[in-house]
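Have the 3D view open as you read.

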Amino acid sequence: MNIGSHYKLYHFIPWTRKKIYKMLILSTVPTLLFYFLDWKWLAIPWVPVALLGTAAAFISGFKNTQTYNRSWEARQIYGAVINSSRSLGILIKDFIRADDKVQEGLLHKQFIYRHFAWLTALRFQLRETKSWEHVKTKSYNKEYLQYYTVPEWKGNLEEDLKTFLNKEELQYVMSTKNRATQIIALQSAQLRKLNEEGKISNYNYVVLENQFKELYDQQGKCERIKNFPYPRQFSSINLYFTNALCFLLPLGFLGEFSKMTEKFGDQIVWLTIPFSVLLGWVFLVLEQIGESTENPFEGNANDIPITQISRNIEIDLREMLGEKDLPPAIQPVNNIVM
């Protein structure tokens, strides 16, 4: 997530420079043919360009709205994860009791540390690369990785979980496919055992189980966004319409500027190039921005900062346990926080 006031031009222009190169070629070639070889037939009326531009603008606006909604929903889900995690910490401290205060503290720590393991496993799962994601496949996205790092790509899940799980639990969790799911299952199993031993009342048991259910619901919502791409049919027509418009733009501008040659001279047609580049760049960048927003967990600079959120939750719950040696908060790098 970018926390600056806006993307700087020295970041944004290089990120979109291939779109500029593309429009330069598409606009320069027909202008050269029109001016030097007298290919007057290249000039077309502006009406079909305007009609196609309207369709392209409509579908681009639709895509950007929907991809933003996906991103905002993901942020709302992780906002719910924050609230549920804090509530879980309070409930564990107040509902799980033991005559031996040392044992009680160990139980609290075990449950809360296991929750840290769940947060860790979930963020590693969400940052796995899918075939439809763009951060590792598009050259302009790969180049932009020089400005930030994705901790889940650099780290090791098993090493991170060692801090929060005992050896037996770690071995079991690492043998499963959906690690986050099984960690909550371990939480529930221990909670049931405490209830059967009479160390937690039936009411408190139900309340805590409902809290784990809430975490499952939030995990499932994250997995839905992660595992279901923005529909390919809408993504495809947006790409086709935009590229078709960019191809026709210079021809339409040639048609318009050629009408002015009697008044301003033949050189007026060279304005086709800057106007086509500018307008085509606008539509191509709209498409690229929608593409960079549609997968909010892929490791893009516009991602939901799940690493930072998980660390903030960890700090809050460690303070509930009375710990003083707290991990540092995740700091932005080049105004980007993951």
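At roughly what angle do the axes of helix α3 (residues 46-95) and helix α4 (residues 101-126) cross? Keep in mind that this is a predicted model. The answer is roughly 165°, and the two axes come within 9 Å. Angles over 145 degrees count as roughly antiparallel, so α3 and α4 are roughly antiparallel to each other. The way α3 passes α4 is a right-handed crossing.

Who's touching whom? On the α3 side, the contact uses Y78, V81, S85, L88, G89, I92 and K93. On the α4 side, you'll find H108, F111, I112, H115, W118, L119, L122, R123 and L126. Sort the residues of this contact by class and you get 10 nonpolar, four polar and two charged.

## α3 has another partner

Now follow α3 to α13 (272-293). Here the packing angle is about 25°, and the axes lie 8 Å apart. An angle under 35 degrees counts as roughly parallel, and that makes α3 roughly parallel to α13. This crossing of α3 and α13 is left-handed.

From α3 come G53, A56, A57, K63, N64, T67, Y68 and S71, and they meet F283, L286, E287, G290, E291 and T293 of α13. The class count for this contact is five nonpolar, six polar and three charged residues.

## The pair α8 and α9

Next up are helix α8 (residues 167-174) and helix α9 (residues 179-196), whose axes come within 9 Å and cross at roughly 140°. That angle is why α8 and α9 are oblique to each other. Their crossing is right-handed.

In this contact, E169, Y172, V173 and M174 belong to α8, while R179, Q182, I183 and L186 belong to α9. Five of the contact residues are nonpolar, one is polar and two are charged.

## The largest pocket

How big is the largest pocket? Its volume is about 490 Å³. There are 22 lining residues, and N2, Y7, T293, A301 and N302 are the closest to the pocket's centre. One of these, T293, also takes part in the contact of α13 with α3.

Several elements give two or more residues to the lining: α1 (9-15), α3, α5 (139-144) and α13. The largest share, four residues, comes from α3. By class, the lining has 12 nonpolar, eight polar and two charged residues.

Methods:
Residues are numbered from 1 along each chain as its sequence is written. This is a predicted model: local features need pLDDT of at least 70, side-chain atom pairs count only at pLDDT 80 or more; totals for chains, interfaces and linings use all residues. Side-chain values use heavy atoms; hydrogens and water are left out. Axes are lines fitted to C-alpha atoms, for helices over the stretch in contact, and angles run from 0 to 180 degrees between N-to-C directions. Angles under 35 degrees count as roughly parallel, over 145 as roughly antiparallel, 65 to 115 as roughly perpendicular and the rest as oblique. A crossing is left-handed if the near helix is turned anticlockwise from the far one by less than a right angle, and right-handed if clockwise. Contact means heavy atoms within 4.5 Å. Ala, Val, Leu, Ile, Met, Phe, Trp, Tyr, Cys and Pro count as nonpolar, Asp, Glu, Lys and Arg as charged, and the others, Gly among them, as polar. On a 1 Å grid over the protein atoms alone, a cavity is a set of points where a 1.4 Å probe fits but cannot get out, and a pocket is an open set with protein on both sides within 12 Å along at least five of seven lines; lining residues have an atom within 4 Å of a point. Grid points are joined across faces, edges and corners, and a volume is the space filled by probe spheres set on the points.
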